[in-house]
Amino acid sequence: MTMEENIKQHFRPDEAAFIDQVRDWISTVIGQYRPVLTFFLNPRQRYIAQTMVNREIDVKVQSNGGWDGAEMQRLLFYPSYYEPTAKDFELEVLEVNYPTKFIELHHRQIMGTLIGEGLERNAFGDILGDEGRWQVVVTSAMAKYLHTNINHIGRAKIKWEPVSDGDVLHPFEDWEEVATTITSLRLDSVVAAGFNYSRNRAKQLVESGNVRLNWEDVTRPDATVVEHDLISVRHAGRIRIDSDNGLTRKNKEKVVLSVVHA
């Protein structure tokens, strides 16, 4: 078995392409003695990347998502002698300036506008909201694109205003830790455990397109979840898989989840 095959056997088959991408980034650092900056990655992708970097002697990695609790972050792979700075991540935070007295904006509208413009989810970072204020973490290049090309969100005419480090929103999310056992690491089982739903209700939510796994639409209730996955359930909230602690004597999965309610 090659080293590449050995790495892939520890992850899901659908993660093979991303593993190849990480291998290319690491190879570039080693071969060209220079840092490599990625697009925005979710927690699961960053876990995979960190696992692979841990096998290397001469390569290190750091992440930055514009604020301390960021879910979507860029990674910087770099030679061990290099000393990264915040500027290396080429991040900007833009605030949505809109007529708050007359219009109310929501997270889904901002997300929908950005995706509707043809942007991939990895092209921008977290969308931060607090009492009617909205900010988006973007790359420096993407900031220029937004200023030039997007001046409406829904019916609201907007302007993008740069935000200084001290004015970046830090939304508070009340994550609750849930240590439990489940019959399997199927998506519907985890959703049922996280929100205390019946298995049938959770299954129907997945099949009806109300559940996303790592920001991707998933309609298969039997999709397998693993550590560091993030599940979003419309109108319910989110679940993060913090740890999978193996099986009980009755062959149930012992897991620790973090749950935040919408």
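This is a predicted model: local features need pLDDT of at least 70, side-chain atom pairs count only at pLDDT 80 or more; totals for chains, interfaces and linings use all residues.
**View 1. Helices H6 and H7 pack against each other at an angle of about 120 degrees.** Here we look at H6, which covers residues 187–195, and H7, which covers residues 199–207. Their axes lie 8 Å apart. An angle from 65 to 115 degrees would count as roughly perpendicular and one over 145 as roughly antiparallel; H6 and H7 are therefore oblique to each other. Their crossing is right-handed. On the H6 side, the contact is made by Leu 187, Asp 188, Ser 189, Val 191 and Ala 192. H7 brings Arg 199, Ala 202, Lys 203 and Val 206 to the contact. Sorted by class, the residues in this contact are five nonpolar, one polar and three charged.

**View 2. Six strands form an open sheet with antiparallel pairing.** Reading across the sheet, the order is S10-S15-S14-S13-S11-S12. Strand S10 (176–182) and strand S12 (216–217) are the edge strands. Each has a single partner strand, so one side of each is left without a neighbour in the sheet. For orientation, strands of a sheet pair through backbone hydrogen bonds, either parallel or antiparallel.

**View 3. Strand S14 pairs with S15 and with S13 inside the sheet.** S14 spans residues 237–247 and S15 spans residues 253–261. Eight bridges join these two strands, which run antiparallel. To find your place along them, look for Ser 243, whose bridge partner in S15 is Val 256. S13 and S14 are also paired in the antiparallel sense, over four bridges. Across this pairing, Leu 230 stands opposite Arg 240 in S14. The hairpin of S13 and S14 has three residues between the strands.

**View 4. Asn 210 sits in the loop between H7 and S11.** The side chain of Asn 210 makes a polar contact of 2.7 Å with the side chain of Ser 208. Setting aside residues up to four places away in sequence, Asn 210 touches Leu 205, Ser 232, Val 233 and Arg 234.

Conventions. Residues are numbered from 1 along each chain as its sequence is written. Side-chain values use heavy atoms; hydrogens and water are left out. Axes are lines fitted to C-alpha atoms, for helices over the stretch in contact, and angles run from 0 to 180 degrees between N-to-C directions. Angles under 35 degrees count as roughly parallel, over 145 as roughly antiparallel, 65 to 115 as roughly perpendicular and the rest as oblique. A crossing is left-handed if the near helix is turned anticlockwise from the far one by less than a right angle, and right-handed if clockwise. Contact means heavy atoms within 4.5 Å. Ala, Val, Leu, Ile, Met, Phe, Trp, Tyr, Cys and Pro count as nonpolar, Asp, Glu, Lys and Arg as charged, and the others, Gly among them, as polar. Two strands pair if DSSP finds at least two bridges between them. A polar contact is a pair of N or O atoms within 3.5 Å; within protein, one must be able to donate a hydrogen and the other to accept it, and residues adjacent in sequence count only if both atoms are side-chain atoms.
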